[in-house]
Amino acid sequence: MDTSYLLTHLGEEREEYYNAVIPPIMQSSNFAYNSLSDFRSAILNELDNFVYSRGNNPTVAILRQKLAALEQAEDALVFGSGSAACAVAIISQLQAGDHLLSVQSPYSWTYKLISKFLSRFGISYDFIDASNLQEIEAAIRPNTKVLFLESPNSLTFELQDLAACAALAQKHGIRTICDNSYASPIYQNPIALGIDLVVHSATKYLNGHSDVVAGVVCGSKALIQKMFELDYMALGPAISPNDAWLLLRGLRTLPLRIQKSNEHAKKVVDYLAQHPKVDYVLYPGHPSHPQYELAQKQMSGFGGLFSVNFKAKRIEQMERFSEALMPTFLLAVSWGGFESLQVPTACFYNLGTAPPPPLPFSFVRYYVGLEDPDYIIDAFEKAFVHLED
Ligand SMILES: Cc1ncc(COP(=O)(O)O)c(C=O)c1O
């Protein structure tokens, strides 16, 4: 389906709301029926009808259609956060006694869900280097039910060969789930590569304006239906109609925004990669990335997120350097919005409460938004003085 068509028209039944170009925010918790038989048949299929907004809602339903189509999936569920989407996708495929395999370094709260939460319910797990197919195969047990992938991840950007992982998992009757937040459906479609379920933090590119926290799971009608009937309805992670409407508005410009971010990041990464004070850059779209060829094979673009390790001798240098980049780069978590952001690892040093992270204090994750790349490069030029010895 044409992306322009689906972003502008798919799911928009305008004659049902006075031919308004923009759909209304259907801010209602429940929906009334004119006959008992209509009410009964709606209750029998809540996923495709409007009964109660913890399940389905007309504003959310438009979003479901568009997100599913973008990911080349049959259906989608929308959540109040990306973490809720990851949690429900994973939980829906597991029972006590099952075993899960996951990439070594998934998003931090996915890591905690697997290692601290699921283990409370009798689910065992192994974190593996999923870029190595032999390592995956060797870790598979008779009770392995899920292979969780995140390609690329959003801090150190390791990739997995999604088609090869999907084929291996299928051979062993294992479900594959891939967090596709980094690439967005514009630059990577895991379902087309054989993955069963795709999850997103829609807080990132899909919404793109840093004003909504949301998540998505996309998959086959059968998997989504099963997830809806128990996990989604029982855990209640629904998005509000108001946030769904904002997400719908943000989604309309997704291709434009991510293409700009991609273009700008590429220029900034090229500048940084040749700078004498840069130790290395990590960006799947840069030839120096260790999995550059795989990235070229399974992705069609890379967006605005990358990391850099600088040649800094003291943490104080990194503190001054990072502060000098403000406000061009806001000091804030998340990414995928209009604004450039930085998360210096130095923030996690000297906390007093936790051991320092496994990354050096000179490592910084950047997100380049919609600002002019020359404006961003100029900010770096001025800040580099703080890294001089
Ligand atoms: C890769 C990835 N997956 C999932 C999440 C969780 O999404 P949310 O913050 O929308 O709950 C994040 C959040 O940063 C993320 O970066």
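Modeller: First, the classes: Ala, Val, Leu, Ile, Met, Phe, Trp, Tyr, Cys and Pro count as nonpolar, Asp, Glu, Lys and Arg as charged, and the others, Gly among them, as polar. On that count, the lining of the largest pocket has 20 nonpolar, 16 polar and 6 charged residues. This is a predicted model, where local features need pLDDT of at least 70, side-chain atom pairs count only at pLDDT 80 or more, and totals for chains, interfaces and linings use all residues. Residues are numbered from 1 along each chain as its sequence is written, and side-chain values use heavy atoms, without hydrogens or water.

A pocket here is an open set of points on a 1 Å grid over the protein atoms alone, where a 1.4 Å probe fits, with protein on both sides within 12 Å along at least five of seven lines; lining residues have an atom within 4 Å of a point. The largest pocket holds about 1300 Å³ of space, a volume filled by probe spheres set on points joined across faces, edges and corners. It has 42 lining residues, and the closest to its centre are Pro 106, Tyr 107, Ser 108, Leu 155 and Phe 348.

Now the location. Domain 1 (3–251) and domain 2 (254–387) both contribute to the lining, so the largest pocket lies between them. Those bounds come from an automatic or database domain assignment.

Helices (H or I, at least four residues) and strands (E, at least two) are DSSP runs, numbered from the N terminus. Helix H5 (108–117), helix H4 (82–91), strand S6 (197–201) and strand S12 (363–367) each supply at least two lining residues. H5 gives the largest share, 5 residues.
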